[in-house]
Amino acid sequence: MSTKTFDIKKHKSYLDVIRILAILLVYFAHTGERGAQHFTIEGGVFSYFTSMTLYSLDLAGPYFFFAISGGLLLAREVNLKNLITKRIPRYIIIILIFNLAQLYYGAIHSPEMLANPFIDLLRMIYGYVLITQYWFLNAYLVFLCLLPVLSAAAKRMSKKDFEYLFGLFFVVQFVLKILEFYMKTERIALDFGPWDSLLIAPFVGYYIENHFNEFLNDKKKMLFLNLAMILAVVVNVWYINLYYTQKDSIGPYLNGTEVLFAFTIYADIKLFFMNKTLKENTAKVLKVLGDGVFLAYLIEIQMKELYLPVYEKTVNVITWFGACALWIVLGVLTALLIRFILSLIPGIKKIVP
């Protein structure tokens, strides 16, 4: 990486760290009964609640990505022409290419998937989320389309406006969910739905980057924030366990907890890096890793399958948690390495995700 294209003083290395954490959470979220949902398998109490706690935390992965985008993009001036003619079309092409690639990859084991004409495959990509992990691609496309509106709104909102919105969200998506469970009523019609990702999480990132520095420098307030986050996670685990034991199935969760977790960890990592001067090589390595996270997400299925034998050979030796950690870390690191190698090939760097 050329020093001419890298300014260590301007680059926010803490965002690279958050990206890496987020992709690890996303990989873990899709480990099923081997990890994230290991609590559905008979085991000891410690194993049960460890898995359920990790399940509660890994659900925050996507919120980190939306928060980072909010922190980076909402403060900038949005070039509508560039957004409409370049950014959005490029992103749509990525959606098409990688959905098709995953369909053809899946056809190796299930040839009947490609029995339909090619145009029908395009129609399916248009109308459905065919790859479970790829729901994020569609949601992020909506975020990009709304970027001019969200950016304008964020710039005009006061600190109190953000705090009101976050407070309202937490009441509806945390407090009311608990009350509704005991009242045995349906979800309130005010449910935020997908706006937790499209609106709240990006505003969290913008808020931390533009309105939160004074709070970050107050140790007592940061301690209180972290204690509140821990308490929310405990309550979320209790809620998930309550539903699971009563319904014998994995049910809803308190997504107010996930946003609070993303908010707090984002703030903690930023605070950790605020008073540190990284060596240029360290910052460059973090940037290379951070840059590779999107491709790591796109090829998650392949990376997980590649290292699944590692899990199966080690699970009885280092427990399901150790085996899972090894499985997903190897997968993520391999994907990041692939991205780095591709970026060294002339002409590829500009088109690789």
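With which residue does Asp 291 form a salt bridge?

A: Asp 291 forms a salt bridge with Lys 287, and their closest N and O atoms are 2.8 Å apart. A word on the basis of this reply comes first. The model is predicted, so local features need pLDDT of at least 70 and side-chain atom pairs count only at pLDDT 80 or more, while totals for chains, interfaces and linings use all residues. Residues are numbered from 1 along each chain as its sequence is written, and side-chain values use heavy atoms, with hydrogens and water left out.

A salt bridge here is a side-chain nitrogen of Lys or Arg within 4 Å of a carboxyl oxygen of Asp or Glu. Side chains of opposite charge can pair when their charged atoms come close. By this rule the count comes to 11 salt bridges.

Asp 291 and Lys 287 both belong to helix H12 (residues 280-291), where they are 4 residues apart, about one turn of the helix. Helices are DSSP runs (H or I, at least four residues), numbered from the N terminus. Asp 291 has a relative accessible area of 30% and is therefore partly exposed; the term covers values between buried, under 20%, and exposed, over 50% (1.4 Å probe, protein chains only).

A second pair lies in helix H1 (residues 13-29): Asp 16 and Arg 19 are 3 residues apart there, which means a separation of about one helical turn. Their side chains meet in a salt bridge with an N to O distance of 3.0 Å. Asp 16 and Arg 19 are both buried. The setting is helix H1, in which 13 of the 17 residues are buried, so the helix is largely enclosed by the rest of the structure. The length of H1 also agrees with expectation: at 1.5 Å a residue its 17 residues should span 24 Å, and its end C-alpha atoms are 25 Å apart. That expected span is 1.5 Å times one less than the number of residues in the helix.

Glu 180 counts as buried because its relative accessibility is 10%, whereas Arg 187, at 28%, counts as partly exposed.

Finally, some charged residues are linked in a network of salt bridges, namely Lys 12, Glu 209 and Lys 270.

Note on methods. Helix = DSSP H or I, 4+ residues; strand = E, 2+ residues; numbered from the N terminus.
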